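Good morning, and thank you for joining.

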Amino acid sequence: MIQKEIISSFYPFNKLKNRQLNSLLKIAQISEYKKDDIIYSEGDKPDYFYFLVKGRVVAISIINAKPKKIELIRKGTSFGIISIFTGQPHSVTVKAIEKSRVVRIEKEKFKMLLKKIPFLAFDFSVVLSKRVKKRTNVPKRIFQSISTTVLILEDYKKSLLFVSRLAESLRSKAKKEVIVVEVSRTDDSLVRKYVHRNVLSIELLKEFKESLLSARHSIKGVDYLCLKCRGRFRDSFYSLANYLSESYHFIFYVIPAKEFPYRPGFLDLGSQIYVIGDLGNDLYFSRSLISSLRPLARHKDLKAVMLDQRNKSKSVMELLHKMSSFYIIPDESDKGYFSNIGRVYRGLSERTLGIALGSGGAYGASHIGVFKVFNKHNINLDMLCGSSIGSVIAGLWALGYSYKDMEYAVHALGKSISLLSFSGVSFPFRGILRSRKLESVFKSIFGNKTFDDAKIPLSVIAFDFKKREAVIIKEGFIYKAVSASCAMPGIFEPVSIEGNYLLDGGVLSPLPAKALLKSDIKRIIAVNVTPYREEIRSTYRRRKHPFNVFDFIFGSIETMQQEFIRDSLEVADIVIHPDLGDLRWTDFSIKEEFIKRGYKAALSKIDEIMKLAEF
């Protein structure tokens, strides 16, 4: 039986209601594959829909009589889906390269499921739009082609150079085939003006011929093409787009934003739409553009790349928050420019890497040691997600705090909590201590920094008491969110945010790996600082000092958390678990020892981590 909590963590199944999810589970099978096991071979009949929930598999095509790996498939990816709908034999061989777990659904049952749940059918149609169908008698070279519509804002030079840097990064890091296609209705080519004057320029007429593209210009491994589209060109353009999808893994259709009203059909091509430039340069135009895009792009990811981090006015930030997601990029002279390009290309290529930091009182100081290892080995993260004490460390790292600052903050936190007295008792009695006491502690650490100030995207987990569910906080003051995530039930009264009573995130999400999946993070590292049941029993057998009331409260919560932690371990690619069995969760005074053990645990997994972080 497939665990409901696991399959419901992955897109698009995470959108299913409980009844729909039960229908899926009734027809789904789970299959385990060892390294080098063949899942299906090129030429096999399509009998099943496949969805990878754990491990990695590879798609292999026969090219020039030799097997060639054309795509590495990671968890959260469906495959075999084109053949289900075309009825044609599989065009590639899929093989496990490590121990893997795959959900299989018989072909006819899968089709019936899509008829019952129309929006699921639409979501899989988006997946299909990226997959490349094999042409007759031509070996399949591209497993998935991702087309992106890019609307560039003035100044065009700065915006276009960013697109070029992004394309070059995809080419050099991922070793993928990339093309930038400028689409314009005039003879004044921005690519030829700002990138290279010899870039091939063609005019689309009623009929597209492949021979037109024989002289494409390449710069640093990236191909460029200028398209003049005047008059009736729709049919020939779709022929061009199909041809490009068979030759390139990534296609950028670049359109000057002010020409957008004349080119709305190009939104159909990209699975995602990017607006790139300084949105604050012409705020009225930016508002008008995004208002026009939102209804047209309601079934696509609408993202923004803000190219001037100095222009983070309230109006600009409000506009950015209307997008599916956004990136704020510093000037090219800033040392963070290229690392932020890395975040964008990992997002584009569905290779995002996130870390989930678990709850655990003073055990959470171990997270600092983990980050020391990450920093030493240049591991770049696309999102941090923390629960309880994990949210504290995640918030500090996201804001760019130094190790010394982080150690001082943990020390100050431990000292402040030990000094909290019953003078702060809350009435009516919602907890021993008022939430404002806790908020005051965290405000002294984080000040008035907001989530928009984070250098790395940050998510904080809390427990919504009235809704009885875990919530992900991504906006507002960081100190307020962290206070909610650390408000242990019974000890602190709930923290009120927008009328909701929020408590310790560890209640339902002590290791928030599934929250990263909901944020579309594809590769997940989980740092579990909560001792496993066997470790706790061993510690209690050696314990000499008596238990206190906090031991009973924390120990009871810790025991209830074990099931939730087990679910999170299932969706994580790598789990880091420091050996903390002989230490106490209240020992903030020995933070150096916690940090040392976190460092040791992360270092023992560094080869796996670096492999996972590879493009």
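Which residues does N528 touch, not counting residues up to four places away in sequence? They are L511, I565, V575, I576, H577 and P578, where contact means heavy atoms within 4.5 Å. N528 sits in the loop between β26 (523-527) and α18 (533-542); helices (H or I, at least four residues) and strands (E, at least two) are DSSP runs, numbered from the N terminus. N528 counts as buried because its relative accessibility is 1%. Buried means under 20% relative accessible area, exposed over 50%, and partly exposed in between, with a 1.4 Å probe and protein chains only.

A word on the source. This is a predicted model, in which local features need pLDDT of at least 70 and side-chain atom pairs count only at pLDDT 80 or more, while totals for chains, interfaces and linings use all residues. Residues are numbered from 1 along each chain as its sequence is written, and side-chain values use heavy atoms, with hydrogens and water left out.

Let me turn to helix α2. Its residues are 18-27, and the buried ones are Q20, L21, L24, L25 and I27. An α-helix has 3.6 residues a turn, so residues three or four places apart point the same way. The buried residues of α2 pack against α1 (4-7), β1 (28-33), β8 (100-106), α4 (107-116) and α5 (118-130).

Next, the backbone. Most residues other than glycine have a negative phi, and most peptide bonds are trans. Y11 and P12, however, are joined by a cis peptide bond with omega about 0°, and P12 belongs to the loop between α1 and α2. The bond from E154 to D155 is also cis, with omega near 5°; D155 lies in the loop between β9 (146-152) and α6 (156-174).

Where does N378 lie? N378 is in the loop between α12 (366-376) and β19 (383-387). Its phi is positive, about 55°, although it is not a glycine. N378 counts as exposed because its relative accessibility is 63%. R468, likewise not a glycine, has a positive phi of about 55° and is placed in the loop between β21 (458-464) and β22 (469-473). At 52% relative accessibility, R468 therefore counts as exposed.

K335 counts as exposed because its relative accessibility is 84%.
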